[in-house]
Structure formats: C-alpha cells, structure tokens
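Take the chain one region at a time. Begin at a loop, then follow the contacts back.

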Amino acid sequence: MPYSEIQQKHLSIWPHFTGALSMLGSGLIIYQILSCPRKRKLAYHRLLLAMSINDFITSFWYSLSTWPIPAGTPNLYGPSGSQAFCAAQGFFVQLGIATPLFNAALAFHYLFTIRYRWKEQQMKRAQ
C-alpha cells in the first residue's frame, strides 16, 4: 500500500535536514582532525577521520532524498532526476556500509588500548 501524500512529503523533505546535520557534524570532526598535525599522527584519529569522511559523503547523498529519482516515478514526492543520477546516489549510499566497519575498527582500537594496554607504537605496527 503506497504512502499518503503527506507521508510522502515527510519522507522526502526530512532527509534534506537530517543529511545536512550529519554532514555538519562529520565536517566538524574532519576539520578538527585535519587542523591538528598531532592528531593526524594517531591511529585513533586516522580511523575517526576515515569514518567521518565516509559519513560525510554518504550523508550528502542521503540529503538529496528523492531528487535523484527519475522524474515521473509514481508514489513519490519530488523526484526530478534521471536514471544515471539515481544510480550514482545508490552507489554512494551503498558505500555507507564502510561507516559501521570503521566503527568496528575503532572498537578494536579501544579493546587493544584499554584491555591489552597497547601503546600507539604497537597500533601503528598493527595497521
């Protein structure tokens, strides 16, 4: 059963805001890490940087919401793109699977740092 018109509007409009907020948060993390040479050398910050870059890219494509979907697609609010634009969005959204993988890598970083008391030098060798 298709969504009502008001539900379609909400499902189309809200990702513009939530995607932009996610990009803002990821962008601030990227800026903080890149602006500090000391942070760029640490394994933890490099993992966080990679995760934030991936999240920034994915959030951008999420923020486009239904715009990339080909115009005239039924039961959607605001589709105005093309098949190629829609495929590009699908590709970059699928790259978002890397974000939880980076999160898992950070969890292992914490495990080795806290539980096994690894130092930064051991982390660099493990990379």
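Arginine 117 sits in the loop between H5 and helix H6 (120–126). Helices here are DSSP runs of H or I with at least four residues, strands are E runs of at least two, and both are numbered from the N terminus. This is a predicted model, in which local features need pLDDT of at least 70 and side-chain atom pairs count only at pLDDT 80 or more, while totals for chains, interfaces and linings use all residues. Residues are numbered from 1 along each chain as its sequence is written, and side-chain values use heavy atoms, with hydrogens and water left out.

Look at the backbone of arginine 117. Its phi is positive, about 55°, although the residue is not a glycine. Arginine 117 counts as exposed, at 63% relative accessibility. Exposed means over 50% relative accessible area, buried means under 20%, and partly exposed lies in between, with a 1.4 Å probe and protein chains only.

Serine 65 also has a positive phi of about 55°, and serine 65 is not a glycine. Its place is the loop between H3 and H4. Is serine 65 buried or exposed? Serine 65 is buried, with a relative accessible area of 11%.

Leucine 64 lies in the loop between H3 and H4. At 12% relative accessibility, leucine 64 is buried. Now look for histidine 16. Leucine 64 and histidine 16 are 48 residues apart along the chain, yet their C-alpha atoms are separated by 6.2 Å.

Step back into helix H3, where phenylalanine 60 is found. Phenylalanine 60 pairs up with histidine 16 in space: 44 residues apart in sequence, 8.9 Å apart from C-alpha to C-alpha. Phenylalanine 60 is partly exposed, at 35% relative accessibility. Serine 59 is found in helix H3 too. Serine 59 is buried, and its relative accessible area is 5%. Across from serine 59, look for alanine 20. The two are 39 residues apart in sequence and 7.1 Å apart in space, C-alpha to C-alpha.

Next, the surface. Which residues form a nonpolar patch there? They are Ile13, Trp14, Phe17 and Tyr77, and together they have about 420 Å² of accessible area. Accessible areas come from the Shrake-Rupley method with a 1.4 Å probe, and for residues only the protein chains shown count as cover. Patch members have over 30% relative accessible area and no salt bridge; nonpolar side chains (Val, Leu, Ile, Met, Phe, Trp, Tyr) are joined within 5 Å, like charges within 9 Å. Tyrosine 77 comes from the loop between helix H3 (43–63) and helix H4 (83–94). Tyrosine 77 is partly exposed, with a relative accessible area of 34%.

Charge pairing comes next. Side chains of opposite charge can pair when their charged atoms come close. How many salt bridges does a search of the whole structure find? The search finds one. A salt bridge is a side-chain nitrogen of Lys or Arg within 4 Å of a carboxyl oxygen of Asp or Glu. Lysine 9 forms it with glutamate 5, and the closest N and O atoms are 3.7 Å apart. Lysine 9 and glutamate 5 are separated by about one helical turn, because they are four residues apart in helix H1 (residues 5–34). Glutamate 5 is exposed at a relative accessible area of 55%, whereas lysine 9 is partly exposed at 28%.

A search of the whole structure finds zero, a disulfide being a pair of cysteine sulfur atoms within 2.5 Å. Cysteine 36 is buried, with a relative accessible area of 18%. Cysteine 86 is partly exposed, at 24%.

Finish on helix H5, residues 98–115. At 1.5 Å a residue, its 18 residues should span 26 Å, and the end C-alpha atoms are 25 Å apart, which agrees. The expected span is 1.5 Å times one less than the number of residues. Which residues of H5 are buried? They are Ala98, Thr99, Leu106 and His109. These cover an arc of only 100° around the axis, so they lie on the same side of H5. The arc is that of the directions from the helix axis to the C-beta atoms.
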